[in-house]
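Biologist: Could you put the model up and talk me through how the helices pack and what sits inside?

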Amino acid sequence: MTGAAGTPLREALHALRTDAALPGDFPAEVLAEAHDAARAPELGGHRDATDIPFLTIDPSGAMDLDQAMHLERRAHGYRVRYAIADVAAFVRPGGALDAEAHRRVTTLYFPDGRIPLHPEVLSEDAASLLPGRVRPAALWEIDLDPEGRAVATRLGRALVRSRARLDYADAQRRIDAGTAEEPLALLRDIGTLREEQEVARGGISLNVPEQEITAHDGGYGLAYRAPLPAEGWNAQISLLTGMAAARVMADSGTGILRTLPVAPDGAVARLRRSAEALRIEWPHHVPYAEVVRSLDPGRADHAAFLQECTTLLRGAGYTVFDGGDLPVPAVHAAVADLYTHCTAPLRRLVDRYAAELCLAACEDRDPPEWVLAALPALPKEMAEGTRRANTVERESVDLVEAALLADRVGAVFDGYVVDVRDDAPDTGTVHIDDPAIVARVEGDAPLPLGERLRVRLAEASPGTAKALFRPV
């Protein structure tokens, strides 16, 4: 399959950008403000932490590096230092750059590029925690006891300099080979302890194989990719920081939380039916989270069930509180604790505000007026931006699926039925192993949720018809 200019896929991707009225090039005044800020960021109260050998771990090729970490073993546990790009040092409240960030809300990703939240002179250069560059950051220091429980949290502005830029595969190889120095080697130790703490509090991280668009030979393909253990350990550091930030805001009385209600009984019962159909053992006394942790994402039946488990995570949102009790619900059900987004300010709008609220609380001062003024509108802005990002991701995958299958209409495939509509039980979603496809399936009778099904490809044309399967 090709993604070259002029092909149906490339034209369909271009149409997705234009038809959805997505942001295009940055206006001239935004670029001018970004270049000025890159040359002269607003620094104040940043202590010098450039002696700490931070490192970054990100997807291969990433340049918008939000986080840098340094892990240290202490006499009575561990110290996690997590430096987060200080975007507020570059974005003037009420300016053109700030207004454009509120219009974009998140970075959008496509197979053939991305639409960034901030101009690249900031997101991939002046504000990015690139190795060997002195950068302003919000520096978290979280002390853990020997079991991985957080016992002390500090936050302040600092100047940092990363020493190494790794991708997940690099980090995994060094840890597995025993060649990683302590700040990286401890990622496994601390990550594992935090995973155990997650189990203890009833949280759950879904190790779902990702349906990933791959680029090769000028075209695109699809593959299921199970996350590496290092990705899970790295995610635990981010979760730890998000939980610490939520606690700081809760103690101060002002903040914005990432919340997720507990899944309704009907959704859990439906998931149990799917587990039974897939012959996945789920005793009635065993919690859902324990079942998920026992699964192997490398097995096709387990991967299909993990995909279905994501339905229990729907309904996440952002909730603001100021000067009163915590909202209801306040907890993120999958985290099983208070939680907020604060570790990706180069790519997500809300994180800049969460950082400023936490900095103010830790410095025992009132939050800036520009932060308080923006808080009430943030949940709606983030909801719309997240919806747009999810739509772009799903539509991009749909287009690549259709292009990949365009010349195979009529072919028969083996798959699992991973979703069935409650209002139309003859319509649902099928998970195909090879190629890596998750697409609509329509039949003349109720579909067997969670069971294997041979299906025939009925439609597939990029830009015209999404992949559609029918039972054989």
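Predicted model: local features only at pLDDT ≥ 70, side-chain atom pairs only at ≥ 80, totals over all residues.

Biologist: How do α7 and α11 cross, and at what angle?

Modeller: The axes of α7, residues 229-252, and α11, residues 350-362, cross at roughly 60° and come within 9 Å of each other. Since angles of 65 to 115 degrees count as roughly perpendicular and those under 35 degrees as roughly parallel, α7 and α11 are therefore oblique to each other. The crossing in which α7 passes α11 is left-handed.

Biologist: Which residues meet there, α7 against α11?

Modeller: From α7 come Ala-245, Val-248, Met-249 and Ser-252, and they meet Ala-354, Leu-357, Cys-358, Ala-361 and Cys-362 of α11. By class, the residues of this contact divide into eight nonpolar and one polar, with no charged residue.

Biologist: What does Leu-187 touch, leaving out residues up to four places away in sequence?

Modeller: With those left out, Leu-187 touches Ile-57, Met-69, Leu-71 and Ile-175, as well as Thr-192, Ala-230, Trp-233, Asn-234 and Ile-237.

Biologist: And α3, which of its residues are buried?

Modeller: In α3, residues 96-104, the buried ones are Leu-97, Asp-98, Glu-100, Ala-101, His-102 and Arg-104. Their cover includes the helices α2, α4, α11, α12 and α13, together with β6. After α3 comes Val-105, whose phi is positive, near 75°.

Biologist: Last one, where is Leu-271, and is it buried or exposed?

Modeller: Leu-271 is in helix α8, residues 265-277, and it counts as buried because its relative accessible area is 1%, while the cut-off for buried is under 20%.

Biologist: What is around Leu-271, then?

Modeller: Not counting residues up to four places away in sequence, Leu-271 touches Trp-282, Tyr-288, Phe-305, Glu-308, Cys-309 and Leu-312. Leu-271 and Leu-449 are 178 residues apart in sequence, and their C-alpha to C-alpha distance is 9.4 Å.

Terms used. Residues numbered from 1 in each chain as written. Heavy atoms only, no water. Axes fitted to C-alpha atoms, helices over the stretch in contact; angles between N-to-C directions. Helix = DSSP H or I, 4+ residues; strand = E, 2+ residues; numbered from the N terminus. Parallel < 35°, antiparallel > 145°, perpendicular 65-115°, else oblique. Left-handed = near helix turned anticlockwise from the far one by under 90°. Contact = heavy atoms within 4.5 Å. Nonpolar A, V, L, I, M, F, W, Y, C, P; charged D, E, K, R; others polar. Buried < 20%, exposed > 50% of the residue type's maximum accessible area, 1.4 Å probe, protein only.
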